Amino acid sequence: NHPDQVKLTYVDGRKLKIVVTVVRRTETVTELHVDVGLFGVEGMARLVMRQILHQLPGGTEEDKKAVE
């Protein structure tokens, strides 16, 4: 683990493990990764990422739609 990195692990109602990795790149840039595993559904990763982005301050709606 890197000191500027945090991993958050969630398990949904269907026992799907979702790992969100947050990495501080600069003072104003944060990198996010959503991993649903080898057998996870890509759509779930996109849904989680979209929900995270809509909760973050700043950015435009167009920026937040870029996840799709």
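Author: Let's start with a salt bridge: a side-chain nitrogen of Lys or Arg within 4 Å of a carboxyl oxygen of Asp or Glu. This is a predicted model, in which local features need pLDDT of at least 70 and side-chain atom pairs count only at pLDDT 80 or more, while totals for chains, interfaces and linings use all residues. Residues are numbered from 1 along each chain as its sequence is written, and side-chain values use heavy atoms, leaving out hydrogens and water.

Reader: Thanks! How many salt bridges does the structure hold?

Author: Three. E27 pairs with R24, and the closest N and O atoms are 2.6 Å apart. E31 and R25 meet at 3.1 Å, N to O, and E42 meets R46 at 2.7 Å.

Reader: Where do E42 and R46 lie?

Author: They are four residues apart in helix 1, so about one helical turn separates them. Helices (H or I, at least four residues) and strands (E, at least two) are DSSP runs, numbered from the N terminus.

Reader: Are E27 and R24 exposed or partly exposed?

Author: Buried means under 20% relative accessible area, exposed over 50%, and partly exposed in between, with a 1.4 Å probe and protein chains only. E27, at 71%, is exposed, whereas R24 is partly exposed at 40%. In the second pair, R25 is exposed at 52% and E31 partly exposed at 25%. Across the protein chain, 18% of the 68 residues count as buried.

Reader: What pattern does the protein chain follow along the sequence?

Author: The pattern is β-β-β-α-α, that is, two helices and three strands. The strands make an open antiparallel sheet in the order 1-2-3; strands pair if DSSP finds at least two bridges between them. Strand 1 (5-11) and strand 3 (30-35) are the edge strands, each pairing on one side only. Seven bridges join strand 1 to strand 2 (residues 17-24), and K7 stands opposite T21 in strand 2.

Reader: Which strands does helix 1 touch?

Author: Helix 1 (residues 42-55) packs on the sheet and touches strand 2 and strand 3, a contact being heavy atoms within 4.5 Å. The direction of helix 1 makes about 145° with that of strand 3. Axes are lines fitted to C-alpha atoms, for helices over the stretch in contact, with angles from 0 to 180 degrees between N-to-C directions.

Reader: And the loops: where is K15?

Author: K15 sits in the loop between strand 1 and strand 2. K15 has a positive phi of about 70° although it is not a glycine, and at 71% relative accessibility K15 is exposed.
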